[in-house]
Amino acid sequence: MEATGTDEVEKIKSKFMSAWNNMKYSWVLKTKTYFSRNSPVFLLGKCYHFKSDESGELSTDETNFDKINTEISGNVEEFRKDFISRIWLTYREEFPQIKGSALTTDCGWGCTLRTGQMLLAQGLMLHFLGRAWVWPDALDIENSDSESWTAHTVKKLTATFEASLTAEREPKILSNHHERTLKRNCGDNEMRNEVYHRKIISWFGDSPLAAFGLHQLIEYGKKSGKIAGDWYGPAVVAHILRKAVEEARDPELQGVTVYVAQDCTVYSSDVIDRQCSFMDSGKTDTKAVIILVPVRLGGERTNMDYLEFVKGILSLEYCVGIIGGKPKQSYYFAGFQDDSLIYMDPHYCQSFVDVSIKDFPLESFHCPSPKKMSFKKMDPSCTIGFYCRTVQDFEKASEEITKMLKSSSKEKYPLFTFVKGHSRDYDFASSPLHEENDLFSEDEKKRLKRFSTEEFVLL
């Protein structure tokens with residue numbers, strides 16, 4: 001009886017925290033973001049120009065489109081469509097209870113796991129859809145300034161609940177939109193892309209069975225001493241993502257692997273071994289690799305000398321973004337303008353969406369407007385990500401990034417390095433491709449423990 005009483009208290013506590021967090025985070029998207037007309041905007045390797053005869057700033061809010069000429073407006077729309085097409089993963093509430101806890105929300109503690117999910121999602125989008133893909137319905141999404149997001153959340157929560165009760169194909173709030181979608185004459189390629197678009201989002205669903213969902217990531221985090229409700233640093237999340245991809249059983253994911261740099265060093269032969277691991281089973285294809293590099297951009301504060309390098313990285317089409325942020329607030333950095341970084345913010349509490357339902361609503365997985373932050377406010381602890389489809393792509397990327405590291409480094413040592421050979425050649429214990437019973441090797445456990453206990457500012 002005592003245990004039951006404790007469980008009830010935990011559930012009530014969880015519901016109270018959920019209500020508080022929903023109130024706290026429901027207004028996070030209300031502020032407009034302004035962009036200069038006179039500087040290019042970069043988003044994950046794509047460059048957009050908003051230049052016009054007039055000086056000043058413009059907002060990406062569609063209400064300003066009629067104030068600028070058609071050519072510039074088109075470019076703004078292209079940027080908005082590209083940005084909105086990126087997968088946005090935020091705090092959620094009322095999802096299935098996390099194993100070993102009474103938690104049904106990650107509000108207040110899961111932001112770095114969410115930004116890690118966004119980075120991995122971008123890597124999978126490059127793999128299955130390519131960088132040129134944009135969501136056809138991106139510009140139909142409601143803008144955060146057109147309605148109170150608290151009211152919008154209530155509408156979506158009610159609609160999703162009704163759909164789950166009546167087993168409808170789509171919540172009622174989306175019926176008109178769904179009708180338009182059905183009327184669109186979709187080609188085979190567009191239909192294929194939409195299948196993958198939904199499939200990628202479903203892998204990040206907030207349920208125990210989702211390959212890269214919060215529940216699975218927390219299970220892998222337990223191996224490094226983390227539990228639900230703890231703060232996760234960007235380096236720890238990088239290792240958790242690698243394990244999640246390794247353990248994924250979906251046949252579609254067997255062609256992708258993740259490599260995490262060791263002590264700011266990428267060992268080329270270790271990466272290529274991972275890419276060629278298919279050959280052990282008799283297949284001739286190599287795997288695509290997502291390379292994650294945990295780094296520090298300075299000591300107590302971010303060193304401004306690294307600004308040009310970070311901008312250079314975000315100018316590459318094979319960059320999948322940066323897990324970073326401000327102290328105790330993790331953001332997913334995806335671009336820049338001048339000395340400001342463009343990011344997606346996970347600190348918005350949304351209701352649970354059951355991604356196992358056919359034609360589940362997609363709107364809450366796409367951010368309606370970008371946010372900007374000065375580079376100097378960035379916390380120095382972050383993880384940088386790249387995607388390479390083939391071994392040749394990796395070799396080309398390593399050469400390109402090495403040049404960038406050398407030209408941008410004013411310090412004696414670059415931020416990180418690419419080294420030929422295996423990590424074992426340099427007296428480091430290499431991470432085997434096929435580990436046995438334990439999910440993390442002893443060397444990884446020591447490294448993860450160090451990342452968790454050193455004086456890093458965990459986001």
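Select Glu-246 and Lys-243 to start: their side chains meet in a salt bridge at 3.4 Å, N to O. The term salt bridge here means a side-chain nitrogen of Lys or Arg within 4 Å of a carboxyl oxygen of Asp or Glu. What you have open is a predicted model, in which local features need pLDDT of at least 70 and side-chain atom pairs count only at pLDDT 80 or more, while totals for chains, interfaces and linings use all residues. Residues are numbered from 1 along each chain as its sequence is written, and side-chain values use heavy atoms, with hydrogens and water left out.

Now show helix α8 (residues 234–247) as a cartoon. Because Glu-246 and Lys-243 are three residues apart in this helix, about one helical turn separates them. Helices (H or I, at least four residues) and strands (E, at least two) are DSSP runs, numbered from the N terminus. Colour by accessibility next: Lys-243 is buried at 1% relative accessible area, whereas Glu-246 is partly exposed at 22%. Buried means under 20% relative accessible area, exposed over 50%, and partly exposed in between (1.4 Å probe, protein chains only).

Together with Lys-243 and Glu-246, they are linked in a network of salt bridges. Side chains of opposite charge can pair when their charged atoms come close.

Next, pick Arg-249 and Glu-247, whose side chains form a salt bridge at 3.6 Å, N to O. Arg-249 is exposed at 62% relative accessible area, and Glu-247 is partly exposed at 28%.

Hop over to helix α7 (residues 214–222), where Lys-222 and Glu-219 lie three residues apart, about one turn of the helix. Their salt bridge has its closest N and O atoms 2.8 Å apart. Both ends count as partly exposed, Lys-222 at 33% and Glu-219 at 26%.

Zoom in on Lys-371, buried at 12% relative accessible area: its side chain makes a polar contact with the side chain of Asp-345 at 3.4 Å. A polar contact is a pair of N or O atoms within 3.5 Å; within protein, one must be able to donate a hydrogen and the other to accept it, and residues adjacent in sequence count only if both atoms are side-chain atoms.
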